[in-house]
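Reader: I'm new to this structure and would like a close look at one part of it, the packing inside. Could you walk me through that?

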Amino acid sequence: MSDTPTRVRASSTPLTSADTPHEEVLLGRYRVIERRGDGGFGTVCTCWDKRLQRRVAIKRMPLADWGTTAEEALAEARTACMLSHPNIVTVFDFESDGIFAYLVMEYVDGLNLAELLGRVEGGRLTPEECARVLQSVARALAFAHDNRVLHLDIKPTNIMIDRQGTVKLADFGMSTLASAAGYGDARGGTVGYMPPEQIEGALVDERTDVFSLAVVVWQALTGDDPFLARSAEDSLRRIQRGPGRLARLCPELGPEAESTLVAELSPSPAQRDADVLEFVDALLPCLGDPAEGAESLESLVSQAEEDDARSPAIRRPRRPLRLPEGLLPRMLTALVAFSALRLTLPHVAGLAAEPALVTGALLAACALAAIWPPAAAPLSAVATAAALASGSGGEPLPVFLAVLLVVSVVAWWALAGRFERLSSLALLLPWCLPSPVAGAALSGYALETLPAAVTSALGYLSGALFHAAAASSFSAAPLSDALVAELTSPAFWLLLAGSLACGIVASALTGRGSVASGVLGQLLGLGCLLACCVLAASVENTSIWPALDWPSVVLAVLLGVLLCVATVLRGPLYEDQEGEGTDEFSE
């Protein structure tokens, strides 16, 4: 047998003589061929066992980062070694030098699921391919659970697929160790795949692994991880909102597949199957033949390795390309940012005489709002404050309002606005539409109750200030007169109360999780808003038929209807409620 195995992965990093002047050998017998990458628990290397003349995979883990000892690591490695199963990556040996722990494992000649998803068009597998992955991983988990071992870190990078289409689960025992020792916010798992009980450090059991496996299946079917986030806290909020609607992302599957998957993705462990094989028995008939999926996976892995030198992606035209995730919220947020900034930037000192600078700043801000929607609100607030300060003419009131606006929006953004993609859109709608109550319904749709209330109130107040400033061309005297007229009008405060009520009611009922409660919340919130509009008109005009603020009424009704439709399309936020689950708004 040759002493130099061939390179099989384009994504790995070979160690050549240019990388290391001398041959790197681990534990005196394993020559490092290539590094597969760094993970949460260490570095994975493909090595050549010079004694037994075979390839192995070695995970090198720094013990200091875990806050544990070599003896504790050895105990977990022994647990992993006990799990001998065709769908579990075999652990051969464990060594420690006091600084690092080395887990010597079976080398799987193929790709992990994350690498495969990154190569297939659309980042998705067919239902039959998913059936093969689900069946194999579930068998591995069932065997481990029967032996009282939890995995606690099921994710695409820990699922290996070899050239024969065999699926194997890796990293048993290691995440249990990390969970005991604590590993940042992840608590032994990976953000985006952990259920709430694992994120919060509560008791975990077999249902924890079932949840993670359901996330992997959802991602493999749709190309998206619905709970992926920058932090464990943000991921938890996404879990509470629910994964979305499978039928829109994977229309070839029926409602049975969606209801089964959404059940296993419940925030409550009590709603999930404790036996992973029960999950498989319910979902597998909806996906198709695992044997057919095995043949397809074998072909894909072989094709991927053959195409390493020719193409970075496997061309598979049977699935159409989908729009980028969250495209609609990004476009709408960029649009409202454009609407606000085009009125403010020309009034900022230093930009008014430079149209090219105004255009460049406008385009840059809109691009940033499209890339990261939560940035739209603070950008618009800073630009408006700069315009107010520039037009103050020495008057203290515009300067005070500018400072107050920036402080309020930045505080709101730090506490609530940066966590939700639709937050800036909800805050800025009153700025860009001819009604300061325009953002209340969207706040109730997208945010939890307290953030929804704050966003509704701040959107109303900042929207009123923005409209008054724009109407006065950011001049101090007309702005002061307009604000005094607004603040002394009872109708102004009635509409503020209506915005608050709308956001609170809509959010409180939407948070119950079902389609019916979400639609009812929007309708009741709309009712509160319209009632306050009628009261405000009655205060302004005591005649029998008061003159309503028709722009506000029409906009409120239209937005309420649109959000009711979006609620129906998104489906329930929790699996144990009726209906199905996401559209572009749900992220």
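Predicted model: local features only at pLDDT ≥ 70, side-chain atom pairs only at ≥ 80, totals over all residues.

Author: Let's start with the largest nonpolar core, which has 65 residues. Val 409, Leu 442 and Leu 479 are the ones with the most contacts inside this core. Helix H19, covering residues 449-471, gives the most to it, with nine residues. There's also a second, separate core of 61 residues, and Leu 116, Ala 144, Leu 249 and Leu 283 are among its members.

Back to Leu 479 for a moment. Leaving aside residues up to four places away in sequence, Leu 479 touches Leu 388, Leu 401, Leu 465, Ala 468, Ala 469 and Ser 472.

The largest cavity has a volume of about 60 Å³. Its lining is made up of Val 437, Ala 438, Ala 440, Ala 441, Cys 502, Leu 526, Leu 529, Ala 556, Leu 559 and Gly 560. The elements giving two or more residues to that lining are helix H18 (440-446), helix H22 (515-540) and helix H23 (550-570). H23 gives the most, with three residues. Sorted by type, the lining of the largest cavity has nine nonpolar residues, one polar and no charged.

Helix H23 is also where you'll find Leu 569. Leu 569 counts as partly exposed because its relative accessible area is 33%, which falls between the 20% and 50% cut-offs. The C-alpha atom of Leu 569 is separated by 9.8 Å from that of Ala 247, a residue 322 residues apart from it along the chain.

Terms used. Residues numbered from 1 in each chain as written. Heavy atoms only, no water. 1 Å grid on protein atoms, 1.4 Å probe; cavity = no way out; pocket = protein on both sides within 12 Å on 5 of 7 lines; lining within 4 Å. Points joined across faces, edges and corners; volume = space filled by probe spheres on them. Helix = DSSP H or I, 4+ residues; strand = E, 2+ residues; numbered from the N terminus. Nonpolar A, V, L, I, M, F, W, Y, C, P; charged D, E, K, R; others polar. Core = buried A, V, L, I, M, F, W, Y, C linked by side-chain atoms within 4.5 Å. Buried < 20%, exposed > 50% of the residue type's maximum accessible area, 1.4 Å probe, protein only. Contact = heavy atoms within 4.5 Å.
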